[in-house]
Amino acid sequence: MAKLSLRREHFMYSYDEFNPQNLTFQMHHYYEILFFKRGNAKYIINGSEYSAHPGDVFITRPHELHSIVFTDDSLYERHFVQFDGDFFAPFSRSFSQRFDNAAKKHKIAAADAEKYGIDKFFYEIREYMTKKPMEYEVLMQSCIIRLAVAVCDCMRTSFELPYPSPKRTQKIKDYIDRNFTRTLSLDEIAERVYFNKYYMCHVFKEDTGITVKDYITLLRFMHARNLYAQGKSMTDISVLCGYSDYSLFYKSFTKYSGGLSPTEFFSRNTGDDTITL
């Protein structure tokens with residue numbers, strides 16, 4: 001399948017098309033703007049579900065768990081750019097905050113992306129990558145900056161909200177959201193929301209694209225990230241995230257972080273580190 005990519009210290013561009021793969025969740029240290037070109041899928045960011053149609057644009061912030069869930073085996077085609085928190089620093093510190101606020105809204109529908117010319121930037125970057133004119137990397141960075149400005153302009157008035165969770169799933173989420181910071185079992189959750197455990201697990205996966213256990217892990221990892229930023233020790237973090245001891249927290253974390261310890265993962269500010277569920 002077609003693929004084109006370039007990674008430098010503070011930014012990356014990638015274009016590819018491929019057959020749908022197994023569902024994975026990723027969390028990394030950079031911003032990502034993704035142009036959904038083709039495929040049948042939905043996009044999940046921090047447990048919220050968004051429809052995905054050709055021409056839609058999705059933005060994720062550093063440390064946000066996100067994934068594509070494919071609904072059939074149609075070919076998937078995308079462009080995306082990634083850049084770290086220092087990418088705009090040489091130009092404007094205030095714009096960095098403006099873009100971060102815009103990125104919290106996560107999705108721009110295809111019609112709005114076309115209206116603001118957001119789709120054209122991806123084709124322009126791809127052309128620089130393909131033809132490689134003189135100083136093409138500088139041209140790419142300039143294009144990414146203009147893309148980010150267009151995203152901010154669009155997000156002021158035009159963005160799309162996630163699907164509301166079905167009532168049956170929202171009931172499960174609400175209970176988990178209130179209790180994930182302590183030891184929590186599937187039996188307890190099912191009893192509290194008045195569902196059969198197996199039915200609960202089935203409908204939750206059907207509605208959200210992830211399992212109940214993975215949703216609990218997602219919340220705990222995000223909570224762990226925030227606690228680490230507050231200067232908490234890893235031992236305290238494990239307890240505050242609902243693990244009975246540090247060894248269980250460590251085992252759970254390394255399973256989903258590609259072998260990185262919690263300290264290694266959270267202390268890195270750049271690179272390709274991901275959590276995969």
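This is a predicted model: local features need pLDDT of at least 70, side-chain atom pairs count only at pLDDT 80 or more; totals for chains, interfaces and linings use all residues.

Student: Okay, let's take strand E8 (76-83). How many of its residues are buried?

Tutor: Eight of the eight residues of E8 are buried, so the strand is largely enclosed by the rest of the structure.

Student: And which residues point which way from E8?

Tutor: Tyr76, Arg78, Phe80 and Gln82 point one way, while Glu77, His79, Val81 and Phe83 point the other way, and all of them are buried.

Student: What does E8 pair with?

Tutor: E8 pairs with E2 in the antiparallel sense over eight bridges, and E3 also pairs with E8 in the antiparallel sense, over seven bridges. To place these pairings on the chain, Met12 stands opposite Gln82 in E8, and Arg38 has Glu77 in E8 as its bridge partner.

Student: Switching to the inside: which residues touch the most other members of the largest nonpolar core?

Tutor: That core has 36 residues, and Ile33, Phe83, Phe99 and Ile118 are the ones that touch the most other members. Among the elements that give two or more residues to this core are strand E2 (11-18), strand E3 (31-38), E8 and helix H4 (136-155), and H4 provides the largest share, eleven residues.

Student: What is Ile33 in contact with, then?

Tutor: Leaving aside neighbours within four places in sequence, Ile33 is in contact with residues including Val57, Phe80, Phe83, Phe99, Phe122 and Leu147. There is also a second, separate core of 34 residues, which includes Tyr175, Ile189, Phe195 and Leu227.

Student: New topic, Asp72. Where is it?

Tutor: Asp72 is placed in the loop between strand E7 (66-70) and strand E8 (76-83). Its relative accessible area is 33%, so Asp72 is partly exposed, a label that applies because the value lies between the 20% limit for buried and the 50% limit for exposed.

Student: Which side chains does the side chain of Asp72 make polar contacts with?

Tutor: The side chains of Asp72 and Asn40 are joined by a polar contact of 2.7 Å, and a polar contact of 2.9 Å joins the side chains of Asp72 and Ser74. Apart from neighbours within four places in sequence, Asp72 is in contact with Pro20 and Asn40.

Student: And how are Asp72 and Ala111 separated?

Tutor: They are 39 residues apart along the chain, and their C-alpha atoms are separated by 24 Å.

Terms used
Residues are numbered from 1 along each chain as its sequence is written. Side-chain values use heavy atoms; hydrogens and water are left out. Helices (H or I, at least four residues) and strands (E, at least two) are DSSP runs, numbered from the N terminus. Buried means under 20% relative accessible area, exposed over 50%, partly exposed in between (1.4 Å probe, protein chains only). Contact means heavy atoms within 4.5 Å. A polar contact is a pair of N or O atoms within 3.5 Å; within protein, one must be able to donate a hydrogen and the other to accept it, and residues adjacent in sequence count only if both atoms are side-chain atoms. A nonpolar core is a set of buried Ala, Val, Leu, Ile, Met, Phe, Trp, Tyr and Cys residues joined through side-chain atoms within 4.5 Å. Two strands pair if DSSP finds at least two bridges between them.
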